[in-house]
Amino acid sequence: MTPSVRILGIETSCDETAAAVVEDGRILRSNVVASQEQLHARYGGIVPELASRQHIRLILPVIDEALRRAGVDWAGISAIAVTFGPGLAGSLLVGLNAAKALAFARGLPLVGINHLEGHVYANWVEVDGSPEPQLPLLCLIVSGAHSDLTLMVDHGKFRRIGRTRDDAAGEAFDKVARLLGLGFPGGPAIQRAAERGNPEAYPLPRAELKDSWDFSFSGLKTATLRLVERLRRDGPLTEQQVADIAASFQEAVVDMLVAKTVAAARAFGVPQVALAGGVAANRRLRERLRAECPVPVVYPPPFLCTDNGAMIAAAGYFRFRAGDRAGFDLDVVSNLKLE
Ligand SMILES: Nc1ncnc2c1ncn2[C@@H]1O[C@H](COP(=O)(O)OP(=O)(O)OP(=O)(O)O)[C@@H](O)[C@H]1O
Ligand SMILES: [Mg+2]
């Protein structure tokens, strides 16, 4: 029997300090995420300087805890995988430098991971016996800063076919939630409010962008802002109005995402579609895409949709297996693309 390959995954690209141990690319041995949600909530968004300072405080305890929960010591780790972009430079630097120092001190190989590739590999982490996704895979990567339609043709080989031309889907959720006074992060708050609302209460625009696989959410965001301004002229929004706006907005976002993804699945003839990124946790998006897509749709459980170390470790396993090694000169790349 070949010995197990255990990868320690480290992720600090934004406001989550995260580390995890994954075995053979699929078996989750531990997953520790220290969220900074509380820290940034009162500012209504992430404050980069606060985020990097908090990563410095948390990174070593989070890594120790990931090893402890996995029940392994350093001798049981085969390599360290770490996010080097895209993300906030000051945040990325903390995880990358911790990973380099540990790799040097322990004599372990270092593997650099693109955060978006990590989001896709969250689908490889086995949960309740979930099977391995099939390649080629059409991936809808929808997160706080991205809305990409990407073909994963093989392990580590991606071809982006569409992207957002303005806001990311998660960013639109966050901005509309803030407008409605629903708090931060906005995605889960909009989803909760929408459950009590009527998705047909207010007609909101859907950007079609014909002859392109690109998305656009800024028109919808502005239309929602104008709607709220108009309603507020008659007094503060009622709870029912907030729920109806949340439901109408969410439905518009889901309509746009599902329409393009279903059309692309047909056009490229893929055997499967995968959802990835924080917005992939959205229940309505998951349900509608499964119902309307001509091929099976896979998505990670919600705790693996938002930033975590397990997805980085899973991606790291496949790169490690392919012989991919980073040098100690690896630097962060804030605007790293997956294409
Ligand atoms: N249930 C949900 N419905 C809609 N959006 C959600 C839900 N849960 C989380 N989100 C959104 O997901 C985003 C966070 O996702 P993620 O952590 O992947 O983003 P990020 O890491 O900041 O950005 P990126 O991955 O693009 O670098 C936030 O915008 C949040 O509002
Ligand atoms: Mg992310």
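This is a predicted model: local features need pLDDT of at least 70, side-chain atom pairs count only at pLDDT 80 or more; totals for chains, interfaces and linings use all residues.
Student: What makes α2 and α3 roughly parallel to each other?

Tutor: The axes of α2 (residues 48-70) and α3 (residues 89-106) come within 8 Å and cross at roughly 20°, the axes being lines fitted to C-alpha atoms, for helices over the stretch in contact, with angles from 0 to 180 degrees between N-to-C directions. The scale counts angles under 35 degrees as roughly parallel, over 145 as roughly antiparallel, 65 to 115 as roughly perpendicular and the rest as oblique, so α2 and α3 are roughly parallel to each other.

Student: Which residues make the contact of α2 with α3, and how do they divide into nonpolar, polar and charged?

Tutor: On α2 the contact is made by P48, E49, A51, S52, H55, I56, I59, L60 and I63, and on α3 by G90, S91, V94, G95 and A98 (contact: C-beta atoms, placed from the backbone, within 7 Å). These residues divide into eight nonpolar, five polar and one charged, where Ala, Val, Leu, Ile, Met, Phe, Trp, Tyr, Cys and Pro count as nonpolar, Asp, Glu, Lys and Arg as charged, and the others, Gly among them, as polar.

Student: Why are α6 and α8 called roughly perpendicular to each other?

Tutor: The axes of α6 (residues 186-194) and α8 (residues 239-268) come within 7 Å and cross at roughly 115°, and α6 and α8 are therefore roughly perpendicular to each other. In this case the crossing is left-handed. I190, Q191, A193 and A194 of α6 meet V242, A243, A246, A247, F249 and Q250 of α8, a set that divides into eight nonpolar, two polar and no charged.

Student: How do you know that strands β6 and β7 pair?

Tutor: Strands pair if DSSP finds at least two bridges between them, and six bridges join β6 (residues 137-142) to β7 (residues 147-154), which run antiparallel; L138, for instance, has L151 of β7 as its bridge partner. The chain has eleven helices and ten strands, where helices (H or I, at least four residues) and strands (E, at least two) are DSSP runs numbered from the N terminus.

Student: What makes β8 and β10 edge strands?

Tutor: Their open sheet of five strands has the order β8-β7-β6-β9-β10, with mixed pairing. β8 (157-162) and β10 (297-298) each have a single partner strand, so one side of each is left without a neighbour in the sheet.

Student: What is the order of the open sheet that contains β1, and which strands are its edges?

Tutor: The order is β3-β2-β1-β4-β5, again with mixed pairing, and the edge strands are β3 and β5 (110-114), each pairing on one side only. Neighbouring strands of this sheet are turned by 20° against each other on average, direction ignored. Helix α3 packs on the sheet, touching β1 (6-11), β4 and β5, and its direction makes about 155° with that of β4. Helix α11 (residues 309-321) lies across β1, β2, β3, β4 and β5, running at about 130° to β1.

Student: How many residues stand between β2 and β3 in their hairpin?

Tutor: The hairpin has three residues between its strands, and β2 (residues 16-23) pairs with β3 (residues 27-35) in the antiparallel sense over eight bridges. A20 has N31 of β3 as its bridge partner, and E23 stands opposite I27. D24, in the turn, has a positive phi of about 50°, although it is not a glycine.

Student: How do you know that the radius of gyration agrees with a compact globule?

Tutor: Taken over C-alpha atoms, the rule is 2.2 Å times the number of residues to the power 0.38; for 339 residues a compact globule would have a value near 20 Å, and the chain has 20 Å, so the two agree. The C-alpha trace spans about 65 × 45 × 35 Å along its principal axes.

How values were computed: Residues are numbered from 1 along each chain as its sequence is written. Chains are lettered from A and ligands numbered from 1 in the order in which they are written. Two residues are in contact if their C-beta atoms, placed from the backbone, lie within 7 Å. A crossing is left-handed if the near helix is turned anticlockwise from the far one by less than a right angle, and right-handed if clockwise.
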